[in-house]
Amino acid sequence: MTEHLNIHDDEHVPVMAREVLNLLQPKPGGIYVDATVGMGGHSQAILERIQPGGLLIGVDRDKESLEKAQARLKPFADSLRLIHDNYKNLPLILNNLAIRPVDGILVDLGVSSYQLTSPERGFSFQSDAMLDMRMDRAQQWNAADLINNSSEVELANIIYRYGEERLSRRIAAAIVQEREKAPITRCSQLASIINRSFKVRGHQVIHPATKTFQALRIAVNEELQGLEEFLSEAFGFLKTGGRIAVIAFHSLEDRIAKKTFRRLAGQCICDAPPELCRCPRQALGSLITPRPMTPGPEELAANPRARSARLRSIEKL
Ligand SMILES: C[S@@+](CC[C@H](N)C(=O)[O-])C[C@H]1O[C@@H](n2cnc3c(N)ncnc32)[C@H](O)[C@@H]1O
């Protein structure tokens, strides 16, 4: 059955919303957490389904996004608590609100299209804005600080590890050479340094700066640090039968979600031969998506940004 989603074309379109709703099955009176509210697309879809009597706790570390979400979600104000914080503080947030346990948790990882396309946020290699990339603008250091103050080896490691960029060393060397002349402060300046590091010209599937910009963004916002601990702790807040759903946009975060959920489902997550395996093998949850779900052709045609999305879910036993 094709369910109608009441989401307007001019607002941020949430990725894999139909699949998320099918997994979380939000019900009237239920308590849900959207750990990454962004522009409130998923939150709106959940809020529409938990009336009457439901509650949604929405978290985002980006204050501007949260303000926009608040305006969008105004009709649901009585069923909504929006919190400006890092989702890694979810245990504290839920304890302070005296809320426990919850029916479902959504984590839509990464950067929002609002952040990417707002030139002043300095995320995009296509803009001439100041290099920034902070999701939380109260954070003390930004992408320009990272680019101008890290050693060449540190830069190469970040670009290789978080961008899976083959040319990481060459790009790091080019950055260090350029910053000796003058600090690198603008997105376009960094993009052209990276561009010059690529010898092969002509048609390329993605822009040469894509992977390096992804790597810097992940490093600036410490996106992978503590993700596994957060997912395990969040799982602990679910009711029996409650579900957590995670949308990842690159293999590094998807791998963390996969490993965490497998461990919680009592599966082996080590590479050791079976006789040497020391994995706890205690099933606290049941995998709802043994393989990740991906967007359907209709969504991909309408929203190319969804192409790398991977959705995984686990249910608490
Ligand atoms: C892909 S967007 C979410 C879009 C949202 N689901 C919607 O429908 O509009 C990811 C959001 O997560 C937020 N975010 C990323 N890491 C976070 C963290 N550690 N704590 C809280 N929010 C975070 C970002 O600021 C961004 O707004």
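This is a predicted model: local features need pLDDT of at least 70, side-chain atom pairs count only at pLDDT 80 or more; totals for chains, interfaces and linings use all residues.
Residues are numbered from 1 along each chain as its sequence is written, and side-chain values use heavy atoms, with hydrogens and water left out. Local features need pLDDT of at least 70 and side-chain atom pairs count only at pLDDT 80 or more, while totals for chains, interfaces and linings use all residues.

Now look at individual polar contacts (pairs of N or O atoms within 3.5 Å). A polar side-chain atom of D108 lies 2.8 Å from a nitrogen atom of the ligand. Backbone atoms take part too. A polar one of M39 is 2.9 Å from a ligand oxygen, and a polar one of V37 is 3.4 Å from a ligand oxygen. Taken alone, the ligand exposes 600 Å², and the protein buries 99% of that. These areas come from the Shrake-Rupley method with a 1.4 Å probe.

Next, the cysteines. A disulfide is a covalent bond between the sulfur atoms of two cysteines. The rule used here asks for a pair of cysteine sulfur atoms within 2.5 Å. By this rule the count is zero. C268 is in no disulfide; its nearest cysteine sulfur, that of C270, is 3.7 Å away. C270 is in no disulfide either. Both are partly exposed, meaning between 20% and 50% relative accessible area (1.4 Å probe, protein chains only): C268 has 27%, and C270 has 30%.

Conventions
A polar contact is a pair of N or O atoms within 3.5 Å; within protein, one must be able to donate a hydrogen and the other to accept it, and residues adjacent in sequence count only if both atoms are side-chain atoms.
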